[in-house]
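Please keep the sequence and the coordinates at hand while reading.

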Amino acid sequence: MKSWKAPYHFSENWINYYEQDIESAEYLINKQAVITRWLIETNPKTVIDLGANTGMFSLIASKIADQVIAVEFDDDCVDKIEKEIRVNKIQNISTLVADLSETSPNLGMLNKEYVSLIERGKSEMVMGLALIHHLCIGKNLSMAHVAELFAQLSTRYLIVEFIPKEDSKVKFMLESREDIFTDYNIIHFKNCFSRVFDLVEEKSIEESKRTIFLWARTQK
């Protein structure tokens, strides 16, 4: 082991997403502007950023909220967020490596020793950006299950981005699998999310086929 020059490192799939894989620079600028406005208007104290990638929108949220949790499946992306936290001495962002299709349950004595991700992650604002297609197509979760997951994590608001099948990233995903996702469309998306959220505003993102939505948690 001492003879190894460096530990084995898996290929980096997502760490350069914002530099190499986004739709366009204009798309990103427009998306940042809308989300920043919505965060200012809703003024959440706590935010959980699901599928945070390298933390671009977690960092934006940290300038408004008291506490931000950046949840990401890719270890390299989490390492990059952690480096940003250290270098800039950011005090209000926590990172969490997690697979949203297999959220950790309550564990330990009487299921009370370790609290589930859903309980630990509950926040006033949930953000799910460029994520829906990964959960519904990549992980084969139903849209209803995704809406329920977001609803269990949110106490007030949700910002979520819908990426249609016409989007280049979804087309790429479907190249390697059979398209059995007949319900993956914006109408079904709205129907599922409207069962647990009230729509506040939707905005088409310029220079893309994508739409972002601001929802408020339905109060029972």
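Glutamate 124 has a relative accessible area of 18% and is therefore buried; buried means under 20% relative accessible area, exposed over 50%, and partly exposed in between, with a 1.4 Å probe and protein chains only. The model is predicted, so local features need pLDDT of at least 70 and side-chain atom pairs count only at pLDDT 80 or more, whereas totals for chains, interfaces and linings use all residues. Residues are numbered from 1 along each chain as its sequence is written, and side-chain values use heavy atoms, with hydrogens and water left out.

Glutamate 124 belongs to strand S4, residues 123-128. Helices (H or I, at least four residues) and strands (E, at least two) are DSSP runs, numbered from the N terminus. The side chain of glutamate 124 is joined to that of arginine 156 by a polar contact of 3.1 Å. Such a contact is a pair of N or O atoms within 3.5 Å; within protein, one must be able to donate a hydrogen and the other to accept it, and residues adjacent in sequence count only if both atoms are side-chain atoms. Apart from neighbours within four places in sequence, glutamate 124 is in contact (heavy atoms within 4.5 Å) with Asn43, Pro44, Lys45, Thr46, Ser154, Thr155, Arg156 and Tyr157.

Attention now turns to helix H9. In this helix, residues 186-193, the residues Phe189, Cys192 and Phe193 are buried. They cover an arc of only 90° around the axis, which places them on the same side of H9; the arc is that of the directions from the helix axis to the C-beta atoms. The buried residues of H9 pack against helices H6 (132-138) and H7 (143-153), and against strands S5 (154-162), S6 (197-204) and S7 (211-217).

How many aromatic pairs does a search of the whole structure find? The search finds 10. Rings of Phe, Tyr and Trp (its six-membered ring) pair if their centres lie within 6.5 Å; planes under 30 degrees apart count as stacked, over 60 as edge-to-face and the rest as tilted. The rings of phenylalanine 162 and phenylalanine 189 form a tilted pair, because their centres are 5.1 Å apart and their planes stand at 40°. Since phenylalanine 162 lies in strand S5 and phenylalanine 189 in helix H9, this pair ties together parts that are 27 residues apart in sequence. Phenylalanine 189 counts as buried at 0% relative accessibility. Its ring also pairs with that of tryptophan 215, with centres 6.3 Å apart and planes at 70°, so this pair is edge-to-face. Here helix H9 is linked to strand S7, where tryptophan 215 lies, across 26 residues. Ring pairs link Phe150, Phe162, Tyr184, Phe189, Phe193, Phe197, Phe213 and Trp215 into a cluster.

The view can now widen to the protein, which has 9 helices and 7 strands. Buried residues make up 45% of its 220 residues. Among contacts with a separation of 6 or more, 68% are between residues 24 or more positions apart.
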